Each structure stands twice: as structure tokens, then as C-alpha cells.
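Student: I have not looked at this structure before. Could we go through it one question at a time?

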Amino acid sequence: MAIQIEFVGYINEVKKFEWGTVYDISHAQRKQSENGKWETDGYDYFSVIGDPGFEKDQRVAVKGRLKTKRYEKRNGEKGLSLEVRADSIELFKSSKADAPF
């Protein structure tokens, strides 16, 4: 069974291939501080395989299945990448009700 994932993020890069499109998308991890203010607590980076039609710097909502991939870095260390096979990607239109995003 695949892990279902939903998140909102910004497209950092678009890579087009014969077999499809890969979007590198960053997602801000948000948390509420003790004084009630929302703060960024780090970022997650996903490679998202989806339909073409989106551009760099667009804010999108992604729904799909999470996959992990192990790989060897150029320096010989082991790495882990997060890949999402998108069921849907839509432009995200925010409102004040969407806080903290």
C-alpha cells in the first residue's frame, strides 16, 4: 500500500522528459510559536512526477503517492530522495483562512 500525501509548495525547477515532467517542489514546515505566531521551521523538498503545464515559482497543491529512493551521492555517501507520483497538481490560491500556509 502506498503512502498518500498532500501538500502545498513552490515549484523550484521543471524538468521535461520524453516520459513525463518532474517538478522540484519545496514545502515549508510551519509551526505556531508560544506567542501564537506562525514560523517556518524548515523545508521539505520533493521530486513530483506529474502532468505538464506548470512553471517555476508557481504555488501548487499536490496530492499523490510518496515513494523513497536510495542513491549514492557524488562524494560516495548514501542519500535518500522523496518522490511523489502525483494524482493531481493544481494552482494554489491562498486566503487568510489558509494560515499558516
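Tutor: We start with a term: two strands pair if DSSP finds at least two bridges between them. Strands here are DSSP runs of E, at least two residues long, numbered from the N terminus. Keep in mind that this is a predicted model.

Student: How many helices and strands does the protein chain have?

Tutor: From the N terminus on, the elements run β-β-β-β-β. The C-alpha atoms fill a box of roughly 45 × 35 × 30 Å along the principal axes. The count for the chain is 0 helices and 5 strands.

Student: Over how many bridges do S2 and S3 pair?

Tutor: S2 and S3 form a hairpin with 5 residues between them, and Gly36 in the turn has a positive phi of about 90°. One of the pairs is Ser26, whose bridge partner in S3 is Tyr45. Another is Thr21, with Gly50 as its partner in S3. The two strands pair in the antiparallel sense, over 11 bridges.

Student: Over how many bridges do S1 and S2 pair?

Tutor: S1 and S2 form a hairpin too, with 2 residues between them. Phe17 stands opposite Gly20 in S2. The sense of this pairing is antiparallel, and the count is 7 bridges.

Student: Do S3 and S5 pair in the parallel or the antiparallel sense?

Tutor: Ser47 stands opposite Glu83 in S5. S3 and S5 pair over 3 bridges, and the sense is parallel.

Student: Is Thr21 buried or exposed?

Tutor: Thr21 lies in strand S2. Leaving aside neighbours within four places in sequence, Thr21 is in contact with Val14, Lys15, Lys16, Val48, Ile49, Gly50 and Pro52. Its relative accessible area is 5%, and the cut-off for buried is under 20%, so Thr21 is buried.

Student: Is Ile3 buried or exposed?

Tutor: Ile3 lies in strand S1. Its contacts, leaving aside neighbours within four places in sequence, are Gly64, Arg65 and Leu66. The relative accessibility of Ile3 is 52%, and the cut-off for exposed is over 50%, so Ile3 is exposed.

Student: What distance separates the C-alpha atoms of Ile3 and Arg65?

Tutor: Arg65 is among the contacts of Ile3. The two residues are 62 residues apart along the chain, and their C-alpha atoms are separated by 5.5 Å.

Student: Which residues touch the most other members of the largest nonpolar core?

Tutor: The core has 14 residues. S1, S2, S3, S4 and S5 each supply at least two residues of this core. The residues that touch the most other members are Phe7, Ile25, Val48, Val62, Val84 and Ile89.

Student: Which residues does Val84 touch, not counting those up to four places away in sequence?

Tutor: Val84 is one of the core residues that touch the most other members. Its contacts, on that count, are Ile5, Phe7, Phe46, Ser47, Val48, Ile49, Val62, Gly64, Arg65 and Leu66.

Student: Which strand gives the largest share of the lining of the largest pocket?

Tutor: The largest pocket has a volume of about 160 Å³. Its lining includes Lys15, Phe17, Trp19, Ser47 and Glu83. S1, S2, S3 and S5 each supply at least two residues of that lining. The largest share is 3 residues, from S5.

Student: How many residues of that lining are nonpolar, polar and charged?

Tutor: Phe17, Trp19 and Val22 are among the lining residues, and these count as nonpolar. Lys15, Asp24 and Lys69 also belong to the lining, and these count as charged. The lining divides into 5 nonpolar, 2 polar and 4 charged.

Student: What is the phi of Asp57?

Tutor: Asp57 is in the loop between strand S3 (38-50) and strand S4 (59-72). Asp57 counts as exposed, because its relative accessibility is 57% and the cut-off is over 50%. The phi is a positive value in a residue other than glycine, near 75°.

Definitions and conventions. Residues are numbered from 1 along each chain as its sequence is written. This is a predicted model: local features need pLDDT of at least 70, side-chain atom pairs count only at pLDDT 80 or more; totals for chains, interfaces and linings use all residues. Side-chain values use heavy atoms; hydrogens and water are left out. Helices (H or I, at least four residues) and strands (E, at least two) are DSSP runs, numbered from the N terminus. Buried means under 20% relative accessible area, exposed over 50%, partly exposed in between (1.4 Å probe, protein chains only). On a 1 Å grid over the protein atoms alone, a cavity is a set of points where a 1.4 Å probe fits but cannot get out, and a pocket is an open set with protein on both sides within 12 Å along at least five of seven lines; lining residues have an atom within 4 Å of a point. Grid points are joined across faces, edges and corners, and a volume is the space filled by probe spheres set on the points. A nonpolar core is a set of buried Ala, Val, Leu, Ile, Met, Phe, Trp, Tyr and Cys residues joined through side-chain atoms within 4.5 Å. Contact means heavy atoms within 4.5 Å.
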